[in-house]
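I opened my notebook to record a few things looked up in one structure.

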Amino acid sequence: MRKPFKTIVAFLISALVLSACSNTSYKEESKVTVKAVKTTFKEKIKRPNNKSVKIRFYLPFGYEIKDKSPHNIILKNGSKTYILFNNPQENASSNVVYKASIAQYKQLETNETFKDQKRMGYLIVARLKDGMNELTIGIGGTKITTQAKTSSLKEEATAMMQIMNSVKTINK
């Protein structure tokens, strides 16, 4: 009787320790994500491999266009959905779309901006329920938004910044 009890207790303690170790905290993941986005913002821009009505842009492997209109593009990567919004009236150094984006939230967990000589980039994260987050990455008048688990913020944000870096407005 005593041996099965010890085994069950040992198993429960092991499960708790393992789950605590594998569950990254938001604070830690946020720091890593901010650093990754800033690094990607500064990297060499990937060559556009897709185009829509008003823009050309790079899509990483696995991403596809699900639907498009002149200013919005719905992207898919497996079961994940992304909304890419482009305001062609705003250039890469504009903060209009950024200000409109942060104004729609009561509370943001992460709100970072960064600049280079010609562009203004940003990373916005709003916490949702069950370890999910609304993640928005943008440069000037273009942004992309998705929902991501806390544990995958860095990977999602890096790919999203690669897309944002590559956006080129088509002037007709």
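**Around Thr142.** I began with the contacts of Thr142 (contact means heavy atoms within 4.5 Å). Setting aside neighbours within four places in sequence, I found Thr142 touching Leu84, Phe85, Asn86, Tyr122, Ile137, Met164 and Val167. Thr142 belongs to strand E9, residues 142–149. Helices (H or I, at least four residues) and strands (E, at least two) are DSSP runs here, numbered from the N terminus. Is Thr142 buried or exposed? Thr142 is buried, at a relative accessible area of 7%; the cut-offs are under 20% for buried and over 50% for exposed, with partly exposed in between (1.4 Å probe, protein chains only).

**Ground rules.** I am reading a predicted model, where local features need pLDDT of at least 70, side-chain atom pairs count only at pLDDT 80 or more, and totals for chains, interfaces and linings use all residues. Residues are numbered from 1 along each chain as its sequence is written, and side-chain values use heavy atoms, with hydrogens and water left out.

**Whole chain.** I counted up the secondary structure next: four helices and 10 strands. From the N terminus the order reads α-α-β-β-β-β-β-α-β-β-β-β-α-β. Of the 172 residues in the chain, 38% are buried. Among contacts with a separation of 6 or more, 48% come from residues 24 or more positions apart.

**Helix H4.** I checked the length of H4, residues 153–166. The expected span is 1.5 Å times one less than the number of residues; for the 14 residues of H4 that gives 20 Å, and the end C-alpha atoms are 20 Å apart, which agrees. Why is H4 largely enclosed by the rest of the structure? Because 12 of its 14 residues are buried. Among the buried ones are Leu153, Ala157, Met160, Ile163 and Met164, and Met164 is also one of the contacts of Thr142.

I then followed the strands. Two strands pair if DSSP finds at least two bridges between them. E3 (residues 63–68) and E4 (residues 72–77) run antiparallel, joined by five bridges, with Tyr63 opposite Asn77. The hairpin of E4 and E5 has two residues between the strands, and Gly78 takes a positive phi near 65° in it.

Which strands form the open sheet, and in what order? It is E1-E2-E10, with antiparallel pairing. E1 (50–51) and E10 (168–169) stand at the edges with a single partner strand each, so one side of each has no neighbour in the sheet. E1 is joined to E2 (residues 55–57) by two bridges, and Asn50 has Phe57 as its bridge partner.
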